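These are my notes from a first reading of a structure that was new to me. I kept to a few things I could look up one by one.

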Amino acid sequence: MAECHPVGFQWVMEAKARGAKVVHVDPRFTRTSALADVHVPLRAGSDIAFLGGIINHVLSGDAYFRDYVVAYTNGPVILREDFRDTEDLDGVFSGLDPDNRSYDPGTWQYHGTEARAASGQRDQRFGGSVRADGSVSGAARGESHGSGGPAISRTEPERDETMTHPRCVLQVLKRHYARYTPEMVERVCGVPRDLFRQVCDLVTENSGRDRTTAFAYAVGWTQHTTGVQYIRAASVLQSLLGNIGRPGGGILALRGHASIQGSTDIPTLFNLLPGYIPMPHAHHDRDLESFVRADEAGKGYWGNMRAYLVSLLKAYWGDAATEENDFCFDYLPRLTGSHSTYETVMAQLEGTCKGYFLMGENPAVGSANAKLQRLGMARLDWLVVRDFSLIESATWWQDGPEIETGELRTEDIGTEVFFLPAAAHTEKDGSFTNTQRLLQWHHQAAEPPGEARSDLWFAFHLGRIIREKLAASTDPMDRPLLDLTWDYPTRGELAEPDAEAVLAEINGRDAGGAPLAGYEQLEGDGSTSCGCWIYCGVYADGVNQADRRKPGDRQDWVAGEWGWAWPANRRVLYNRASADPEGRPWSERKALVWWDAERGEWTGHDVPDFQKDKPPGHRPPEDATGPEALSGTDAFIMQADGKAWLYVPSGLTDGPLPTHYEPQDSPFPNLLYRQQRNPVRHLLPPHPDNRYQPSGGEPGTEVFPYVATTYRLTEHHTAGGMSRWQPYLAELQPEFFCEVSPELAAERGLEHTGWATIVSARAVVEARVLVTDRMAPLTVHGRTLHQVGLPYHWGPNGYSTGDAANELLHLSLDPNTQIQETKAFAVDIRPGRRPRGPAALELVRGYRERAGIDERTGTEP
């Protein structure tokens, strides 16, 4: 966090100054480690084993917050008799279809009920058929996910409040994690058991009624073939300890650069609409009502799906969206499968994707297996790149690595490349939304230079020009574009669209055009419009709430008047859980919201994340739906049963409980189970430049004996497009380097500041050598493991140049999110500079032959 999110880390240091303990778990010793109370080096890719060990410590020692678990989680719920865990099936769950690399979650359900698949899974074409009740036969693929949460049948599941029933969730958890002992953590992760027990004690001693512990993670937790389950494991632990919905608790996804959180709220994702509404799939005769009926939850706030979606359609198409035409629901694009960046690359290589926009992305060096990205772009008809600098994704056709090796020739590439300079955030108005869901407005400080333009300017004027060209069209295919509300006011000589007008549209309006105050005002009859339901209220009373800047010393500690946090300016999600079932704070020290019986409402320091006038003892009528079906103790209001899920009966593609699997390319066997890798990990179609490596004890594993991990540096930013062109930053970190321990340097003859060649089955790169104690050798599986650290900011353009670490990576993805595995892979390292031209290809080919690699290697379930 200090290395990659230094501004936010200020608050960690302030907490430490008040007595908080800081534990840093990371393969490297970083700036964060230097300021932490405890640094825990571990093997990259083994975090679930580490977290599972803490969960086992909590459960076996009865250190969980029992009252919280009983009231607010599904710990007491009893599972079906035919569910089989990894303990029964040696590393897989019941319902596995190994041939199709998928699970049927039927046996994962609660006893006596059925959980329908997650919102978006129920509107899918692949991986299972949709039943009449909206449930799915077969687990959906990752592209089918919305954020609605799996719907539960109206029948209440059987519960055991004592949590002693052998099939209740808590007991299943105990059995599942019983093998995650300190000894096993030491063998799998390389963390000495005494150090591990110290972490367990710190976490448990700082959790409970009067204390809370927070987890903070960066993208390193998501970029694995089990990335979603990494975060799930933290969620299980925090729910057991009562650390969700309470001040000082929770799980913070560190999303601090530019507007990373905002880019998923108002999404740059192919499978979501604004506010995490799922994108519909390409079904015949699927209308608005059947989509909503399949995707809304019967209980909780996702039961208002129709209001959220119809209001969005009204924001898109205004007066053209009417009840008679399904509010233009048919105008929405449809999914035909996964359209992630990596499937798009394969479509480029196949020749089916003809054109490509790159806005603030640099896949030629920034994506996994960057070579495939360049080869794919070489098959396009046209490519538009918008960026601050002439990044590698704009110049690969003349100076990319494949030009040097002879795999591509500039004169043979038919792609027409357009480079359009982009304005920086200081040169435009707009908002950032980051880790804490906080919208903060920034004002333009200077005009963009030359022909540089803002993203808003580009999108608005591109749409305007296309609409003008199509104005006379009678083709029904053009109506969605022509009917769009596209009347944003502009200002100045550049005709810059008014960013606040866009924010006001996102906020939403009532039938009379007045700004809405919150999402509970949204209606499903077309009388309201809203560009993103979770942002409704950011322009309440016609005031830009994101532009508030009241200093901390002029307001209370929650600081609700600094910017605006979605939803409803609520700073802690699920904060009903900060009070006990009777509505009283678990402790005065950790009081956040509580029930005021005299006033008959929830009150407190934060905006209550609960229906304001619903008393703690409320029990809904049997026929209630949506928010009205939540009881007075259903604190997790977005879940269809109102509970935090220690166990997931449906909604994940790879299992109901986090389970340790080895990374795709690992020099170690899985010591916990016979199943080596995530059996439903998402593999791309075979390609000669995306070979996987042998793993575990397979012949050839020894050819790539070291674990590598990629990471960021404070001085550079992501793929380097914003930092390698800055002289000052380039001087601070002038060259691509690899971090190795003194022991590895001695073993492989590497010299400090000299050159090293790093090789995988995909590529070879060279880096300067940084010999450092920061990469400590670990004892894993009874033998010494050396890890290689690779910052991923470099490429051949800019002031500071070098090879790209992402050349080495494979395309094996998390099956829920299709995020690549970049934080744990196997390599070899040797002294000296890499060969050039065709000789580089020969070196990689030689490694493949020694390891016995072919198109089938690493593809087994």
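This is a predicted model: local features need pLDDT of at least 70, side-chain atom pairs count only at pLDDT 80 or more; totals for chains, interfaces and linings use all residues.

I then turned to the disulfides as a whole, taking as the cut-off two cysteine sulfur atoms within 2.5 Å, and the count came to zero. Cysteine 200 is in no disulfide either, and the nearest cysteine sulfur, which belongs to cysteine 189, lies 11 Å away from it.

Next I looked up a sheet. It is open and built from three strands in the order E14-E15-E18, with antiparallel pairing. Strand E14 (430-433) and strand E18 (564-565) stand at the edges with a single partner strand each, so one side of each has no neighbour in the sheet. Strand E15, residues 438-442, pairs with E18 over two bridges in the antiparallel sense, and here I found leucine 439 opposite tryptophan 564 of E18.

My last entry concerns helix H7 (residues 182-189) and helix H8 (residues 193-205), which pack at an angle of about 115 degrees with their axes 9 Å apart. Their crossing is right-handed. H7 brings Pro182, Glu183, Val185 and Glu186 to the contact, while H8 brings Arg193, Phe196 and Arg197. Sorting the residues of this contact, I have three nonpolar, four charged and no polar ones.

Conventions. Residues are numbered from 1 along each chain as its sequence is written. Side-chain values use heavy atoms; hydrogens and water are left out. Two strands pair if DSSP finds at least two bridges between them. Helices (H or I, at least four residues) and strands (E, at least two) are DSSP runs, numbered from the N terminus. Axes are lines fitted to C-alpha atoms, for helices over the stretch in contact, and angles run from 0 to 180 degrees between N-to-C directions. A crossing is left-handed if the near helix is turned anticlockwise from the far one by less than a right angle, and right-handed if clockwise. Contact means heavy atoms within 4.5 Å. Ala, Val, Leu, Ile, Met, Phe, Trp, Tyr, Cys and Pro count as nonpolar, Asp, Glu, Lys and Arg as charged, and the others, Gly among them, as polar.
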